[in-house]
Amino acid sequence: MTHRTLNRRRLLQNAGATALGALGAAAGAQQFDFKPAQRYPDPNVFILDPSFAKYRIYSSTLEQLGSGMRWAEGPAYFPETGTLILSDIPNNRLMKYEEKTGKFSVHKEGVNYANGNTRDRQGRLISCEHSVTRRVVRTEKDGSLTVLADRFEGKRLNAPNDVVVKSDDSVWFTDPLFGINGEWEGARATPEQATTNVYRVGKDGAVKAVVTDIFNPNGLAFSPDEKYLYVVEWKGTPNRSMWRFEVSADGTTLSNKTKLIDADGPGALDGFRVDRDGNLWCGWGFSGAFAPEATDIGGGMKAHLPLARSDEMDGVKVFNKDGKPIGFIRLPERCANLEFGGPKRNRLYMASSHSLYALYVEAHGAV
């Protein structure tokens with residue numbers, strides 16, 4: 001048996017691996033091997049509180065659906081076609097996973113470093129163009145783009161990050177600085193907005209700042225009854241946090257800001273989704289914080305060592321509606337964002353650094 005045959009068999013072990021090989025080579029991004037758990041229940045699914053047990057499927061294990069990205073983000077599910085769209089930000093492209101075939105491929109190139117994505121109530125893709133254009137756009141059914149927001153009070157937005165659509169068709173998005181802070185996820189630029197806000201775009205197209213006192217807001221989602229909006233503060237003090245706001249009866253304003261979750265030291269919240277029971281399934285990982293004092297690492301060098309181990313923290317942390325941690329799904333890479341998909345909305349898709357993972361659970365996406 002030739003070396004080429006062995007390599008080909010190895011690639012074909014994962015769904016869509018042939019296409020992935022071409023993708024990874026073209027983009028110059030690494031692909032990472034993944035070995036699923038052989039026994040049930042999956043040892044990577046942890047019950048932090050007995051209340052989480054009913055959401056774990058005993059005979060379901062983690063799957064790696066694709067690899068070869070540089071920083072995976074913003075998954076959005078389209079039930080009409082059974083496809084998942086997600087962003088590969090540094091490679092400036094949108095990727096697509098097809099449930100029926102298991103194919104993982106490039107959906108669109110040159111997307112202005114798109115970050116968060118969502119599906120509106122009419123089945124159209126809404127994307128946060130994270131840099132260069134710095135706007136929120138909707139892809140129409142004919143493929144044309146409609147700009148929903150690119151300015152506020154005459155000044156350019158910072159770097160639209162994550163986006164959700166409310167049942168009244170209003171579009172809500174966060175606008176931190178990440179896409180203009182450097183050259184990795186876009187192009188460096190000077191911010192024009194005085195604050196980093198959460199915005200609401202009404203059906204009439206009016207753009208309104210609904211939150212102005214959060215530094216670098218990131219992921220956001222509504223509770224199942226839409227009485228609350230949850231927003232992650234990526235650079236909170238002293239730790240990264242998630243805030244809960246009450247939504248007014250007319251759905252246009254927010255009040256009663258309350259800290260629901262504290263990431264507690266080196267923990268890092270990112271994007272998240274809410275299930276029908278109100279639980280929050282959160283992208284989780286290590287914040288990158290390092291010790292203030294340097295430690296001898298040999299070779300005549302001292303280094304500021306990380307305050308935690310990424311391999312112990314990377315994954316999805318699940319909190320109930322009161323902010324209590326109840327479950328944890330450990331992943332081999334940090335999860336930036338996630339989405340419920342599948343015909344029953346019980347397949348948890350996890351956009352995680354270089355790869356896309358999935359796990360069937362006994363929870364269903366709220367939207």
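Predicted model: local features only at pLDDT ≥ 70, side-chain atom pairs only at ≥ 80, totals over all residues.

Which residues do ring pairs link into a cluster? They are Phe52, Tyr55, Trp281 and Phe340, where rings of Phe, Tyr and Trp (its six-membered ring) pair if their centres lie within 6.5 Å, with planes under 30 degrees apart counted as stacked, over 60 as edge-to-face and the rest as tilted.

Residues are numbered from 1 along each chain as its sequence is written, and side-chain values use heavy atoms, with hydrogens and water left out.

The structure holds twelve aromatic pairs. In one of them, the ring centres of Phe52 and Trp281 are 5.8 Å apart and the planes stand at 55°, so this pair is tilted. Phe52 sits in the loop between β1 (45-47) and β2 (63-66), whereas Trp281 belongs to strand β22 (residues 280-286), 229 residues apart; helices (H or I, at least four residues) and strands (E, at least two) are DSSP runs, numbered from the N terminus. Phe52 is buried at 1% relative accessibility, and Trp281 is buried at 0%, where buried means under 20% relative accessible area, exposed over 50% and partly exposed in between, with a 1.4 Å probe and protein chains only.

Turning to charges, there are 19 salt bridges in the structure, each a side-chain nitrogen of Lys or Arg within 4 Å of a carboxyl oxygen of Asp or Glu. Asp49 and Lys324 form one of them, at 2.8 Å from N to O, and that pair joins the loop between β1 and β2 to the loop between β25 (315-319) and β26 (325-330), 275 residues apart. Asp49 is buried at 14%, but Lys324, at 41%, is partly exposed.

Another salt bridge, 3.7 Å from N to O, brings together Asp270 and Arg334. Asp270 lies in strand β21 (residues 267-274) and Arg334 in the loop between β26 and β27 (337-341), so the bridge ties together parts 64 residues apart in sequence. Asp270 is buried at 4%, as is Arg334 at 15%.

By contrast, the salt bridge of Arg309 and Asp311, at 2.6 Å from N to O, has Arg309 partly exposed at 48% and Asp311 partly exposed at 45%.
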